[in-house]
Amino acid sequence: MSDMFARKRRMTEKIMNISRTINSAPGQKLFAPSGFILNYSNKCNFKCPHCYTNSGSGVAEVKKLSIDDIKSLADQADELGVYEIDFQGGEPLMLPNLFEILDALGLDRFYSYITTNGWMLTQELADRLAAAGVDRISVSIDAFTSEEHDQFRRKEGSFDRALKALEFTERAGMKPYVNVVLGNYNAKTKQFEDFCQDILGKGYGIVINCATPTGDWHGKYDIMLRPEDTEHIEMIRKNSKGIIRDLWNYFNLKGPLVKGCPAVNLFYINPNGDVLVCPYIQTTLGNIKEKSLKEILMYGFSFEPLSSFSPLCLAGEDVEFSKRYLSQKTSILNPLPADVYFGLEA
């Protein structure tokens with residue numbers, strides 16, 4: 001890790017700036033873009049029932065971002081102080097031009113990682129990704145036994161391939177993480193606790209994502225985390241420092257754990273170039289082909305639900321917010337304009 005900070009000096013500078021900004025105003029939400037998720041293609045080799053991008057439903061994008069679009073996006077993000085990029089899909093390892101895209105992003109400036117189901121990762125590919133500047137591979141595992149995972153992913157052998165992908169990642173010198181979706185249905189189970197012990201015991205990290213009533217789970221509010229679930233997760237985390245969430249603060253280990261919902265500051269780019277508030281709040285603030293990234297993100301802060309501090313994930317823990325806004329029929333490929341989406345405020 002220390003080697004990464006030495007190699008990526010621009011990234012380190014931005015992390016320090018973000019740290020100072022966040023810790024200067026605890027309990028407040030400031031305009032401080034820190035990262036973005038890039039979905040270049042929504043195509044996937046899996047059909048998972050909980051997919052928030054509807055990849056499993058066979059929904060395909062029409063437009064594509066050009067390499068020049070991606071270079072411009074990365075340059076603008078860098079100027080705004082964004083320090084991390086999460087390259088997702090669909091399944092990003094399916095892309096024939098994967099390394100051209102990574103090169104266009106200029107990964108020497110960012111903490112970068114790829115979120116994958118792990119099926120296509122080999123040792124050779126892991127080595128190439130590490131050489132290209134990728135720092136982490138996050139492999140999605142949402143059921144905690146091989147039988148349940150394979151059934152959930154609708155792909156026999158997917159659990160074993162996911163574990164192999166983590167091994168390849170570690171051998172290549174990147175940090176292996178497991179992406180886990182938690183909701184009211186599994187957050188307090190012994191299976192999850194045992195899974196954490198096993199994964200952390202291997203030296204891997206765990207990324208917690210909230211189950212949200214979006215995508216193929218649209219309208220399923222019963223799956224969302226409840227306060228007792230969140231409390232249980234935080235209790236596990238106290239004894240397991242390798243567990244992370246995007247609304248936790250890692251810049252002040254002595255301060256409050258929760259820095260607040262990162263919507264807008266951690267934004268999402270769909271294959272058409274639309275800038276979404278986050279993967280789960282599927283409203284667009286503008287398109288990078290038409291407006292500057294700074295203008296687009298500042299527009300997001302003009303909406304009260306997005307500019308106000310929330311200790312909860314709006315889409316995965318705030319039931320009132322979710323029922324009011326996520327009930328609208330949207331998708332990551334067809335997001336509603338923000339003024340329409342939040343028109344319910346009127």
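Biologist: What percentage of the 346 residues in the protein chain do buried residues make up?

Modeller: Burial is read from relative accessible area, and buried means under 20%. In this predicted model, buried residues make up 58% of the 346 residues.

Biologist: How many helices and strands are there in the protein chain?

Modeller: The chain has 13 helices and 11 strands. Its radius of gyration is 19 Å, close to the 20 Å from the globule rule for 346 residues, so the chain is as compact as a globular protein of that length. Along the principal axes, the C-alpha atoms fill a box of roughly 50 × 45 × 40 Å.

Biologist: What share of the contacts with a separation of 6 or more comes from residues 24 or more positions apart?

Modeller: Contact means heavy atoms within 4.5 Å. Of the contacts with a separation of 6 or more, 71% are between residues 24 or more positions apart.

Biologist: How far apart are the mean positions of the positive and negative charges?

Modeller: There are 39 positive and 44 negative charges, and their mean positions are 1 Å apart.

Biologist: Now single residues. Is Asp-78 buried or exposed?

Modeller: The cut-off for buried is under 20% relative accessible area. Asp-78 has a relative accessibility of 11%, so it counts as buried. Asp-78 is part of helix H3, residues 67-79.

Biologist: Which side chain does the side chain of Asp-78 make a polar contact with?

Modeller: The partner is the side chain of Lys-14, at 2.7 Å. Leaving out residues up to four places away in sequence, Asp-78 touches Arg-10, Lys-14, Arg-109 and Phe-110.

Biologist: Where is Gly-300 found, and which residues does Gly-300 touch?

Modeller: Gly-300 belongs to helix H10, which covers residues 293-300. With residues up to four places away in sequence not counted, Gly-300 touches Val-264, Leu-285 and Leu-306. Its relative accessibility is 0%, and therefore Gly-300 counts as buried. From Met-4, Gly-300 is 296 residues away in sequence and 32 Å away in space, C-alpha to C-alpha.

Biologist: Val-264 is among the residues that Gly-300 touches. What is phi of Val-264 near?

Modeller: Phi of Val-264 is near 80 degrees, a positive value in a residue other than glycine. Val-264 sits in the loop between strand E7 (243-244) and strand E8 (266-269). At 1% relative accessibility, Val-264 also counts as buried.

Biologist: For the backbone, which form does the peptide bond from Gly-89 to Gly-90 take, cis or trans?

Modeller: That bond is cis, with omega near 20 degrees. Gly-90 lies in the loop between strand E2 (84-88) and helix H4 (98-105).

Biologist: Where does Thr-21 lie, and what is its relative accessible area?

Modeller: Thr-21 lies in helix H2, residues 9-24. Partly exposed is the class between buried, under 20%, and exposed, over 50%. With a relative accessible area of 28%, Thr-21 is partly exposed.

Biologist: Which residues does Thr-21 touch, not counting residues up to four places away in sequence?

Modeller: Thr-21 touches Leu-30 and Ala-32. The C-alpha atoms of Thr-21 and Phe-31 are separated by 9.1 Å, and these two residues are 10 residues apart along the chain.

Terms used
Residues are numbered from 1 along each chain as its sequence is written. This is a predicted model: local features need pLDDT of at least 70, side-chain atom pairs count only at pLDDT 80 or more; totals for chains, interfaces and linings use all residues. Side-chain values use heavy atoms; hydrogens and water are left out. Helices (H or I, at least four residues) and strands (E, at least two) are DSSP runs, numbered from the N terminus. The radius of gyration is taken over C-alpha atoms; the globule rule is 2.2 Å times the number of residues to the power 0.38. Buried means under 20% relative accessible area, exposed over 50%, partly exposed in between (1.4 Å probe, protein chains only). Lys and Arg count as positive and Asp and Glu as negative; His and the chain ends are not counted. The place of a charge is taken as NZ of Lys, CZ of Arg, CG of Asp or CD of Glu. A polar contact is a pair of N or O atoms within 3.5 Å; within protein, one must be able to donate a hydrogen and the other to accept it, and residues adjacent in sequence count only if both atoms are side-chain atoms.
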